[in-house]
Amino acid sequence: MPTDTPDWPAIERTAEFRALVRAKRAFIVPATLFFIAYYFALPALVGYWPSLMSTPVAGHVNLAYLFALSQFVMAWTLMAVYVRRARRYDRMVESLLQRVKGRTP
């Protein structure tokens, strides 16, 4: 009796699946660490170096304000880079699915 349930342990052992996991991990782990470090840098800098962060840049705008605003830019940039990378991951998944379904050797 055939079943539509995939053989997940067999899929996990394929070179394609392992390459997909490695590729995603190679991006996600460093990106997450960078995001966390960047996010917590603002309160750390304001707490430990308030004289630096209160340096005026333009009028009442100081370095702390610019750093806080840069976090929005950084988050959107990180998202855009991930979306671009995700296209590659999607192609890898499609190739793996075709192989699992028996369409390609």
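The chain has a radius of gyration of 22 Å, whereas a compact globule of 105 residues would have one near 13 Å; the radius is taken over C-alpha atoms, and the globule rule is 2.2 Å times the number of residues to the power 0.38. Along the principal axes, the C-alpha atoms fill a box of roughly 75 × 20 × 20 Å. The model is a predicted one, in which local features need pLDDT of at least 70 and side-chain atom pairs count only at pLDDT 80 or more, while totals for chains, interfaces and linings use all residues. Residues are numbered from 1 along each chain as its sequence is written, and side-chain values use heavy atoms, with hydrogens and water left out.

Four helices and two strands make up the secondary structure (DSSP runs numbered from the N terminus, with H or I over at least four residues for helices and E over at least two for strands). Their order along the sequence is α-α-α-β-β-α. Of the 105 residues, 14% count as buried (under 20% relative accessible area, with exposed over 50% and partly exposed in between, for a 1.4 Å probe and protein chains only).

The C-alpha atom of Phe67 is separated by 9.7 Å from that of Tyr39, 28 residues apart along the chain.

One salt bridge was counted, taking a side-chain nitrogen of Lys or Arg within 4 Å of a carboxyl oxygen of Asp or Glu as the criterion. It joins the side chains of Arg99 and Glu16, at 3.4 Å from N to O. Because Arg99 lies in helix α4 and Glu16 in helix α2 (residues 15-48), the pair ties together parts that are 83 residues apart in sequence. Both partners are partly exposed, Arg99 at 35% relative accessible area and Glu16 at 29%.

Accessible areas come from the Shrake-Rupley method with a 1.4 Å probe. A nonpolar patch is formed by Tyr48, Trp49, Leu52, Val57, Val61, Leu63, Tyr65 and Leu66, which together have about 810 Å² of accessible area. Helix α4 gives the most to this patch, with three residues. Leu63 belongs to helix α4 and is partly exposed, at 31% relative accessible area.

A positive patch (Lys and Arg count as positive, with the charge placed at NZ of Lys or CZ of Arg) consists of Arg84, Arg87, Arg88 and Arg91.

How values were computed:
Patch = residues over 30% accessible without salt bridge, like charges linked within 9 Å, V, L, I, M, F, W, Y side chains within 5 Å.
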